[in-house]
Every structure is written in structure tokens, then in C-alpha cells.
Amino acid sequence: MDFLDEIVLTGLTVFGHHGVYPHERENGQEFTVDLRLRLSLEQAAASDDVADTVHYGELAERVAAVVAGEPVNLIETLAERIADVALGDRRVQQVTVTVHKPQAPIALTFGDVAVTVHRTRAPESLEDITT
């Protein structure tokens, strides 16, 4: 089955305390998250029922809780945690997460620093399907 359908959420901005340096942990800064979910939207389109799709408002809340939550050193780790949240909905087959850190501690002029991870749900084993 091809999952050509997508739900895209961009520009979710949340204050967090992530970073390697103590001042990043103490003072915090804004992080911006972009998500691209790949899944079949066929059932949702047919039923016109939000229960048959990923509720992007609820997903945004869960992602915001991760960003505002427990600090990590690297935005790579933060992106991985966000990907895990998205893949927590079994309908999501693939996710791309970009975490932007526009106030990164770089002593040069720059527009943005971002990390992008791509994750795919592991195929279910026959045992998982039958239980």
C-alpha cells in the first residue's frame, strides 16, 4: 500500500530549555517544529469523521508538551522524541520531523539551524497482527 497522503503541520513554536550549554537550560528559547505525516487518508475522506484521521490539534498539543518538557542536550534527540509521538498513532506510517533552533548559540550571523529526521514505522510481525 502506498501512503501518498500527508498531513503537514509547520511552524509550531514552543518555548523549551534544550541545549548543551547551561545558559540554554536556564534561560530557554523558542524552538519551531515542522511535521510531515504519511498515512492513508482514504477512510477519513470517505467518512468525513475526525476520528478516522490524525487530529492535528491534539498532535500539536502532544508535540508541544515534548518541546516544553524534559530538557535534552541535542535537537537531534528532541526530533527523535517528537517522531516517536507522531508514530504513536498506528495510522501514521512515516514521519518527517524538523526542529528549528533559530537562537542557537552561534557567534556568527545566521538565519536558522535545523535538524530533520525521517522515521518509518517498523513492519508489524504476523504475531502482532493476530494478537
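This is a predicted model: local features need pLDDT of at least 70, side-chain atom pairs count only at pLDDT 80 or more; totals for chains, interfaces and linings use all residues.

Author: An angle between two elements is taken here between their N-to-C directions, along lines fitted to C-alpha atoms, and can run from 0 to 180 degrees.

Let us begin with the helix itself. α4 has 13 residues, and from its first C-alpha to its last it reaches 18 Å, which is close to the 18 Å expected at 1.5 Å a residue. Its buried residues are I75, L78, A79, I82, A83, A86 and L87, where buried means under 20% relative accessible area. The buried residues of α4 pack against β2, α3, β3 and β4.

Four strands make up an open sheet, in the order β1-β2-β3-β4, and their pairing is antiparallel. β1 and β4 stand at the edges with a single partner strand each, so one side of each has no neighbour in the sheet. Between neighbouring strands of this sheet the turn is 15 degrees on average, with direction ignored. The other helix to mention, α3, packs on the sheet as well, where α3 touches β1 and β2, and its direction makes about 35 degrees with that of β1. Within the sheet, β3 and β4 pair in the antiparallel sense over seven bridges, and T96 stands opposite H118 in β4.

In general, nonpolar side chains of soluble globular proteins tend to be buried together. Here the largest nonpolar core has 29 residues, of which V33, L37, I82, V95, V97 and V99 touch the most other members. At least two residues of this core come from each of β1 (6–16), β2, α3 (56–68), α4 (75–87), β3 (94–100) and β4 (114–120), but the largest share, seven residues, is supplied by α4.

Finally, consider a place where polar side chains come into view. Q29 is found in strand β2 (residues 29–38) and, at 5% relative accessibility, counts as buried. Its side chain makes a polar contact with the side chain of E24, at 3.3 Å, and among the residues that Q29 contacts beyond four places in sequence are F15, H18, K101 and Q103. Q103 lies in the loop between β3 and β4 and is partly exposed, with a relative accessible area of 48%. Besides Q29, Q103 is in contact with E30 and F110, leaving aside neighbours within four places in sequence, and the side chain of Q103 reaches the backbone nitrogen of E30 at 3.4 Å.

Conventions: Residues are numbered from 1 along each chain as its sequence is written. Side-chain values use heavy atoms; hydrogens and water are left out. Buried means under 20% relative accessible area, exposed over 50%, partly exposed in between (1.4 Å probe, protein chains only). A polar contact is a pair of N or O atoms within 3.5 Å; within protein, one must be able to donate a hydrogen and the other to accept it, and residues adjacent in sequence count only if both atoms are side-chain atoms. Contact means heavy atoms within 4.5 Å. A nonpolar core is a set of buried Ala, Val, Leu, Ile, Met, Phe, Trp, Tyr and Cys residues joined through side-chain atoms within 4.5 Å. Two strands pair if DSSP finds at least two bridges between them. The expected span of a helix is 1.5 Å times one less than its number of residues.
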